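Walk me through this structure.

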Amino acid sequence: MQVTFLGTGSAMPTGERYQTGLVVEDEEADRRVLVDCGSGVLHRLQQSNIGYENVSTVLLTHHHLDHVADVLPLLKARWLAGEEHLEVVGPSGTKSLMDDLLDVHDYLKGRVDLQIREVGAHEFEIAGFEVEGYETRHSLPCLAYRFGDEFTFSGDSEAFEGLANFADGCEALAHDCSFPDEVDVDNHPTPTQLGEALAGSGTDIDTVYLTHLYPHTEGRHEEMLKSIRAAYDGDVRFPDDLQTIEL
C-alpha cells in the first residue's frame with residue numbers, strides 16, 4: 001500500500017501546503033481512493049503523476065469546504081478527459097451536498113455516471129479496500145477511516161484516546177495537529193493534547209504523521225514535536241505535500 005499526501009494544509013493557505021487530500025493506493029492491484037478533496041488537490045493529483053483520470057473514487061471525511069472544494073472540479077476534469085464514472089462516498093449528508101452543488105452547476109448533471117454512497121462508523125468496502133469508519137470530535141459530523149493494519153486517517157478531530165485506540169496496530173496514522181500549543185482551539189488538537197491522547201491510549205502505531213497544518217505551525221515544527229514527545233515516545237513526523245509513504 002502507498003499513501004500520497006496531496007494536501008497537508010488547512011483552510012488558511014500557506015502557499016506550500018494545499019488543503020486536505022491524500023491518495024491510498026495499491027499499485028499492483030490498480031486500485032486507489034482519494035480521501036478528501038480540498039482546494040488544490042486536483043492540481044496535486046497531476047503533480048504527483050497519479051492523475052485525475054486514474055481516480056474514480058472519492059472518500060470524504062466530512063463536508064467542510066477545505067475538504068470538498070475540488071470535488072466538482074474533479075468531476076468536470078474527468079468529464080472533459082472522457083472518463084465516464086465517479087463515485088463519491090462520505091458521511092450522512094453527502095448526497096445532499098452533491099445534489100446541492102450540482103443544482104448550482106447544473107450543466108455538469110449527467111456528464112458522468114455519478115454514484116453517491118453514505119457510510120458511517122462501521123466497516124465497508126470501497127475501491128477494493130476494506131475500510132472501517134469511526135466518529136471523531138469535530139464541529140461537523142466527521143469520520144476517521146482505517147485501511148486494515150496499514151493506515152488510519154483521523155480526518156478533522158480533537159485528540160482523544162478513543163481515536164488513538166481506533167488506530168492501534170496500524171503502520172501509520174495521519175492525525176490532525178492544526179495549531180501549536182498556545183492557540184486556544186476547539187475541534188482540533190494541539191501537540192500536547194495529541195501527545196497525551198496517544199500516550200494515554202497505550203497504542204502501538206509505527207509512525208504518526210501530523211497534518212491539517214495551519215500557518216500558525218510554520219517554523220514551529222521542532223517545538224511541536226517536543227510537546228508531543230513530552231508524553232509520547234513514538235515516531236512522529238511532518239509530511240510534505242506530494243510525499244509518498246510505503247506501507
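Asp30 is exposed, with a relative accessible area of 58%. (Buried means under 20% relative accessible area, exposed over 50%, partly exposed in between; 1.4 Å probe, protein chains only.) Asp30 forms a salt bridge with Arg32, and their closest N and O atoms are 3.2 Å apart. Arg32 counts as buried, at 15%. A salt bridge here is a side-chain nitrogen of Lys or Arg within 4 Å of a carboxyl oxygen of Asp or Glu.

This is a predicted model: local features need pLDDT of at least 70, side-chain atom pairs count only at pLDDT 80 or more, and totals for chains, interfaces and linings use all residues. Residues are numbered from 1 along each chain as its sequence is written, and side-chain values use heavy atoms, leaving out hydrogens and water.

The whole structure holds 14 salt bridges. One of them pairs Arg17 with Glu218, at 3.6 Å between the closest N and O atoms. This pair links distant parts of the chain, 201 residues apart. Arg17 is buried, at 8%. Glu218 is partly exposed, at 37%.

Asp235 bridges to Arg237, with the closest N and O atoms 2.9 Å apart. Shared partners join Arg17, Glu218 and Asp240 into one salt-bridge network.

Now take helix α7, residues 221-229. (Helices are DSSP runs of H or I, at least four residues; strands are runs of E, at least two; both are numbered from the N terminus.) His221, Met224, Leu225, Ser227 and Ile228 are its buried residues. They cover an arc of only 160 degrees around the axis, so they lie on the same side of α7. The arc is taken from the directions from the helix axis to the C-beta atoms. Glu222 and Lys226 are exposed on the other side.
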